[in-house]
Protein chains: 4
Amino acid sequence: MQQTLRLIIDCPDQIGLVATVSQFLATHQANIIEANHHTDLQTGHFFMRHEIRADSLTLSEQDFERAFTPIAAKYHMNWRITASARKAKVALLASHESHCLVDVLHRWHSGELDCDIACIIANHPQMKQFADWYGVPFHFVEFKADNKPQAFNQIAQLINEYQSDLTVLARFMQILPDSLCQQLAGRAINIHHSFLPSFAGARPYQQAYERGVKLIGATCHYVTSDLDEGPIIEQEVVRISHSDSAADMVRKGKDCEKTALARGIRYHLEDRVIIHGNKTVVFA
Amino acid sequence: MQQTLRLIIDCPDQIGLVATVSQFLATHQANIIEANHHTDLQTGHFFMRHEIRADSLTLSEQDFERAFTPIAAKYHMNWRITASARKAKVALLASHESHCLVDVLHRWHSGELDCDIACIIANHPQMKQFADWYGVPFHFVEFKADNKPQAFNQIAQLINEYQSDLTVLARFMQILPDSLCQQLAGRAINIHHSFLPSFAGARPYQQAYERGVKLIGATCHYVTSDLDEGPIIEQEVVRISHSDSAADMVRKGKDCEKTALARGIRYHLEDRVIIHGNKTVVFA
Amino acid sequence: MQQTLRLIIDCPDQIGLVATVSQFLATHQANIIEANHHTDLQTGHFFMRHEIRADSLTLSEQDFERAFTPIAAKYHMNWRITASARKAKVALLASHESHCLVDVLHRWHSGELDCDIACIIANHPQMKQFADWYGVPFHFVEFKADNKPQAFNQIAQLINEYQSDLTVLARFMQILPDSLCQQLAGRAINIHHSFLPSFAGARPYQQAYERGVKLIGATCHYVTSDLDEGPIIEQEVVRISHSDSAADMVRKGKDCEKTALARGIRYHLEDRVIIHGNKTVVFA
Amino acid sequence: MQQTLRLIIDCPDQIGLVATVSQFLATHQANIIEANHHTDLQTGHFFMRHEIRADSLTLSEQDFERAFTPIAAKYHMNWRITASARKAKVALLASHESHCLVDVLHRWHSGELDCDIACIIANHPQMKQFADWYGVPFHFVEFKADNKPQAFNQIAQLINEYQSDLTVLARFMQILPDSLCQQLAGRAINIHHSFLPSFAGARPYQQAYERGVKLIGATCHYVTSDLDEGPIIEQEVVRISHSDSAADMVRKGKDCEKTALARGIRYHLEDRVIIHGNKTVVFA
C-alpha cells in the first residue's frame with residue numbers, strides 16, 4: 001500500500017492562506033492525492049486536509065515540520081502532520097455485547113481499518129474468546145458496585161501501558177469518569193445505540209419503542225464528560241414499524257451501530273475528523 | 001377507480017377472533033383486496049384492517065354495520081367501517097412557508113390524495129395565491145400578540161363550518177390551544193421539522209446545526225395537547241455534513257417534510273392508521 | 001426461546017379461504033403471534049403466513065398435517081408447516097473474501113440466525129481459520145481450470161452428506177452448474193455485489209465505477225440456472241460520489257452485501273419468503 | 001442574496017497548479033466561501049471549483065478572464081467563470097405527467113432554484129394551466145406519428161428564441177433526435193424513472209414490477225444521443241415490497257424523480273457539475 005502523509009490544519013479564515021500552504025507543498029514537490037477545504041461562514045473558521053504521497057516529498061517529515069512551523073505560526077494554525085506508515089494503536093473496550101467488537105476486529109484483520117489493535121479490555125470474561133481468535137491481548141477488568149474507581153484506574157493504566165492512541169468503546173456499558181474522559185479527550189470514540197440527541201442515556205431501544213418512532217439509529221461520537229453529548233462523527237438509521245418489538249429494534253439497531261462505529265473509527269484513523277467546539281468537520 | 005370499504009378493528013387479542021371476522025366477511029361474499037393483522041405481544045392487543053371491494057358485498061354498508069355490531073360487542077372491539085366513495089373533507093392550515101401546502105395541493109389535484117380540500121386557512125395572506133390557483137376557498141386569520149384566543153376561535157369555527165374531517169397543519173407555526181387539540185383529537189395531523197423526539201420546539205434546524213448531527217429529518221404526527229409529543233405516523237431523514245449551513249438544512253429538510261407529511265395524510269385518508277395510546281399502528 | 005410453528009400457504013384467491021384457515025386454527029386453540037396475508041391482484045394469487053405458539057396447539061404437528069390436508073386439497077394450496085424447534089442445517093460456500101462468511105458466522109454464533117451451520121466449503125484454504133474459530137467442519141475444494149465438474153460433484157456430495165437444508169453462497173465466486181442449481185432450487189441463496197439487474201456478471205463494482213452511478217448496492221437472491229436472474233429476496237444500497245474509487249466502492253459495498261445477505265438468510269430461515277414465479281413475497 | 005463568482009477548472013493534474021490558482025485568487029483579494037478539489041487518480045485528471053464573494057474581488061469579471069487566460073493556457077485548463085448574478089434561462093419540456101414540472105416551478109417560485117424559467121413547452125395542452133399559474137410563457141407542440149421532425153424543429157427554435165441556457169426534460173416522453181442532443185450537449189437534463197442502468201427504456205416501473213426488485217429509483221442525467229446513457233448527476237431510491245403494485249411504484253417513484261431532478265438542476269445551476277467523459281464530478 002502506498003504510504004501517505006496527512007496535513008491537517010484549522011485556523012481563522014484569511015486571504016492568502018490556501019496560496020501559502022499550496023505554494024509550500026508545491027515547492028517541496030508534494031503529490032497531493034486528496035485535498036479538502038471547509039470554511040465555516042458563521043464563525044469564520046477554516047479547515048483543511050491534504051493527503052500527500054509520502055515518497056513525493058523532497059524533505060523528510062521532520063524537516064517538513066520545521067519548515068512549516070513559521071507558516072503555521074503566522075496564520076495561527078492548529079495543525080498536525082501524520083504518516084500513514086505510523087499505525088495508530090487502538091484499545092478496544094467491551095462489555096457483554098460482542099457485535100461491535102467482532103465487527104471492528106474483522107475489519108482490522110481484513111485490512112479495512114489500518115491500525116494495530118493493542119488490546120481488548122472487557123468487564124465480561126467471555127469476550128476473551130474473540131481476543132484469542134484474533135490473537136490480541138485480553139484483560140478482564142471486573143466492575144462491581146463498590147470498585148468502579150479502581151476498575152477505571154486499571155483501565156487507564158492499561159491504556160497507558162499499551163501506549164494506545166485511540167480508545168474505542170465498542171458497546172462498553174460503563175460510564176467513564178471525568179478524569180479519564182479528559183485524559184482521552186479527542187482520543188476516545190463511543191457508539192451510542194440511538195440517534196442522538198434522541199434517547200440519550202440508558203435503554204435507548206426501549207425508549208424508542210415506547211415513543212413509537214418510525215426510524216431508529218446509532219451515533220458514533222467522541223467521549224466527553226457530558227455523557228452522550230460529545231462531538232458527533234457519524235450517525236446511521238434504519239426504518240422500523242409497529243411490527244418491530246423492542247427486541248427487533250435491538251437486532252436492527254446493531255447493524256446501524258456496527259456501520260456507524262466502523263466509519264467513525266476509519267475517519268479518525270485516516271485523520272479525516274477535525275473537532276471544533278462540540279462539532280466535527282469530517283472530510284469523508 | 002374501484003370503490004372499497006375498509007373495516008378497521010382493534011380489541012384485546014382472543015382466539016377465534018379472526019375466524020369470526022373472516023367468516024362474517026365470507027358469508028357476505030366480501031372480496032378482500034388487502035388484509036393486515038398485528039398483535040402487540042406486550043399488551044395483548046390486536047389490530048386488523050380489511051379493504052374490501054365495495055361491489056362484492058351482498059349487504060349494504062348500513063346492514064353491514066347492523067349485522068356486525070353484535071360481533072364487535074362480543075369481542076370488545078373498537079371498530080369502524082368506512083367507504084372510499086365518501087371522500088374526507090380536509091382543512092389545510094398554513095403560515096408563511098408554502099412548500100408543504102403546495103405539495104399537498106398538487107398531490108390532491110393530481111389524484112394521489114383521495115379527498116376533498118375543504119378550505120385553506122392561513123395567518124399569512126400571501127398563501128391566498130395558491131388557494132386561488134387550485135380553486136380552494138381561502139381564509140386569512142390574522143394572529144397578533146393579543147388576539148390568539150379569538151383567532152383560534154375563528155379557525156375552530158371554520159373547521160366546523162366546512163365540516164372538515166381532517167385538519168392538516170402544513171407548517172402552521174402557531175401552537176393550537178388545548179381545547180382545539182382535544183376537539184380535533186385523532187383528526188389533526190402536524191408536520192414537525194425535526195426527527196422527533198430530537199429538537200422538539202422552536203427552530204429545530206438551528207438546534208440540529210448547533211448540535212452537529214449528521215442526519216436531519218421530519219416527523220408527521222397527530223396533534224395533541226403535548227406539543228410535538230403526539231402519536232407519530234411517519235418520519236423521514238436525510239444525510240447532511242459539516243458543509244451544510246442551517247439554511248442548507250432548511251432546504252434539505254423541506255423535502256423530508258413534504259414526503260413525511262404526504263405519506264402521513266395518505267395513510268390517514270386510507271384508514272391505514274390506528275392510534276393506540278401514544279403510538280400508531282400503520283398498515284402502510 | 002418460545003417455540004413456534006409456521007403455516008405457509010399460497011393458492012388461488014378464493015372467498016372463504018381465510019375464514020376456513022382461521023376457523024381451523026381457532027378450533028385447535030392456535031395462539032397466533034403473527035399473521036400476514038397478501039393478494040396479488042394481477043394474478044389472483046393468495047399468500048398467507050401464520051406464526052403460532054407451538055405449545056398452544058391442542059394437536060401434534062403430525063395430526064395438524066393430517067387434519068389440514070383435506071382443506072389444503074379443497075383450496076388447491078401449496079403449503080407447509082414448519083417448526084422453529086427443528087433448526088435448518090446450513091452449508092456455507094466461500095471463496096477468498098471473508099466478510100460475508102464471518103458476518104453470517106457471528107450472527108449465528110450470537111443467536112441472531114436461528115440455524116445450525118453444518119459446514120463451510122471453500123475453494124480458498126485460508127477460510128479454514130474462520131471455520132476453526134467457530135468450531136465448524138471445513139472442506140477445501142480446489143477449483144482448477146480442468147476440474148470444475150469434479151469439484152462441483154464434491155460440493156454436491158458434501159451438501160448431501162451434511163443433509164443441508166440451505167446452501168448460502170457467501171461471495172462464492174464460482175458459477176454453479178445447472179444440475180446443482182436445479183437440485184438446490186429454492187434452497188440456495190446467493191449475494192450478488194450489485195443492485196441487480198444493474199451490473200450483473202463479473203466485476204460489478206468496476207462496472208459501477210465506469211458507469212458513474214451515484215448509488216451502489218447488493219442483491220440477495222435465490223440461485224437459479226440463469227445467473228443473477230433468480231428471485232430477489234432483499235437489496236441494499238449506499239450512496240457514493242465521484243470521490244469514491246472502485247476500491248472505495250468495494251469497501252462500501254461490503255456493508256450492503258453483509259446486511260442484504262443476513263436479512264435474506266433470516267427471512268428464509270423464519271419461513272418468511274414465498275417464491276412465486278421469478279419473484280418473492282417476503283413477510284418481513 | 002450575496003452574489004458570487006464561480007471558477008470551474010479541470011485539467012491534467014500537475015504540481016503547482018493549486019498554488020498558482022490560489023495565489024492568483026489571493027492577489028486579487030478573493031474571499032473564497034467554498035472550495036472543492038478532486039483528483040481522479042486513475043486518469044490523472046484534476047477538478048476544481050471555487051465560489052468567491054463577487055464584491056471581494058479587486059478586478060472585474062472581464063479583467064479576471066483576461067488575467068487568468070495565460071495561467072489557464074499554461075496548465076491546459078478547461079475553465080469558466082460564471083456569476084450568480086447572471087441567472088440561467090431554463091426551458092422546461094413536459095408531457096402529460098405534471099409532478100416534476102410543478103415541483104421545479106414551485107422550487108423556482110420559492111427561490112430555491114436560482115434561475116429564470118424562460119418557457120414551458122409541452123406536447124399535452126393541459127400543462128398550460130401550470131404555466132399560467134406561474135406566469136410563464138407556454139408553447140404547445142403537437143407530436144403526431146408523422147410530424148416528429150417538424151415538432152422537434154419547433155422545439156429547437158423555441159429554445160433558441162428564448163436563448164435558453166438549460167433545457168430540462170421534466171418527464172418529457174419523446175426521444176430527442178441526435179442533432180438536438182448534440183446541439184444541447186451539457187445543457188439538457190433528463191429525469192429517467194428508474195435506477196439506471198437498470199430498466200432503461202420504456203415502462204421502467206412495469207419492468208421493475210416484473211423483475212421483483214426491492215428498491216426502485218430515479219436517475220437525473222445529461223441528455224446524450226445514447227438514450228438513458230448520458231452522464232449521471234444524481235440518483236434516488238425508495239424501498240418497495242411485494243405489496244406494491246406497479247401503480248404503487250409509480251406513486252413512490254414520483255418522489256424519487258422530483259428529488260433527484262431538483263438536486264440535479266440545482267447542482268447544474270450552481271456550476272457544481274463537471275462532465276468528464278461519460279461521468280460527472282459533482283461538488284454537492
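Across the interface of domain 1 of chain A and domain 2 of chain A, six residue pairs are found in polar contact, with both residues of each pair at pLDDT 80 or more. The elements that give two or more residues to the side of domain 1 that touches domain 2 are β1 (4-12), β2 (32-40), β3 (45-53) and β4 (78-83) of chain A. The model is a predicted one, and the values below are computed from it.

**The two domains of chain A**

- The domain assignment divides chain A into domain 1, which covers 4-83, and domain 2, which covers 88-282, and the C-alpha centres of these two domains of chain A lie 31 Å apart.
- On the side of domain 1 of chain A, 14 residues are in contact with domain 2 of chain A, which for its part contributes eight residues.
- About 900 Å² is buried between domain 1 and domain 2 of chain A, and carbon and sulfur atoms account for 50% of this area; within domain 1 of chain A, the residues that lose the most area to domain 2 are Arg6(A), Phe47(A) and Arg49(A), which together make up 45% of what that side buries.
- Four salt bridges are counted between domain 1 of chain A and domain 2 of chain A, and Arg6(A) also takes part in a salt bridge with Asp271(A), in which the closest N and O atoms are 3.6 Å apart.
- Among the strands that supply the side of domain 1 of chain A touching domain 2 of chain A, β3(A) gives the most, with five residues, and by class the residues of that side divide into four nonpolar, four polar and six charged.

**The interface of chain A and chain B**

- Chain A and chain B each bring 35 residues to their contact, and they bury about 2900 Å² between them, with 49% of it on carbon and sulfur atoms.
- In chain A, the residues that lose the most area to chain B are Arg211(A), Lys214(A) and His242(A), and together they make up 25% of what that side buries.
- Six salt bridges are counted between chain A and chain B, and in one salt bridge the side chain of Glu234(A) meets that of Arg239(B) at 3.0 Å, N to O.
- There are also 25 residue pairs in polar contact across the interface of chain A and chain B, where both residues are at pLDDT 80 or more.
- The side of chain A that touches chain B draws at least two residues from each of β2, α7 (204-211), β11 (232-239) and β13 (279-282) of chain A, and β11(A) provides the largest share, seven residues.
- Sorted by class, the side of chain A that touches chain B has 13 nonpolar, eleven polar and eleven charged residues.

**Pairs that join two chains**

- Over all chains the count of salt bridges comes to 109, and one salt bridge is formed by the side chains of Arg239(A) and Glu234(B), at 3.0 Å from N to O.
- Because Arg239(A) lies in strand β11 of chain A and Glu234(B) lies in strand β11 (residues 232-239) of chain B, this pair joins two chains.
- The count of aromatic pairs over all chains comes to 39, and in a stacked pair formed by Trp133(A) and Trp133(C) the distance is 6.0 Å centre to centre, with 15 degrees between the planes.

**The interface of chain D and chain A**

- The contact between chain D and chain A takes 17 residues from each of the two chains, and the area buried between them is about 1300 Å², of which carbon and sulfur atoms give 63%.
- In chain D, Ile15(D), Ala19(D) and His37(D) lose the most area to chain A, and together they account for 35% of what that side buries.

Key. Residues are numbered from 1 along each chain as its sequence is written. Chains are lettered from A and ligands numbered from 1 in the order in which they are written. This is a predicted model: local features need pLDDT of at least 70, side-chain atom pairs count only at pLDDT 80 or more; totals for chains, interfaces and linings use all residues. Side-chain values use heavy atoms; hydrogens and water are left out. Contact means heavy atoms within 4.5 Å. Buried area is the accessible area (1.4 Å probe) that two parts lose on being put together, summed over both. Domain bounds come from an automatic or database domain assignment. A polar contact is a pair of N or O atoms within 3.5 Å; within protein, one must be able to donate a hydrogen and the other to accept it, and residues adjacent in sequence count only if both atoms are side-chain atoms. Helices (H or I, at least four residues) and strands (E, at least two) are DSSP runs, numbered from the N terminus. Ala, Val, Leu, Ile, Met, Phe, Trp, Tyr, Cys and Pro count as nonpolar, Asp, Glu, Lys and Arg as charged, and the others, Gly among them, as polar. Rings of Phe, Tyr and Trp (its six-membered ring) pair if their centres lie within 6.5 Å; planes under 30 degrees apart count as stacked, over 60 as edge-to-face and the rest as tilted.
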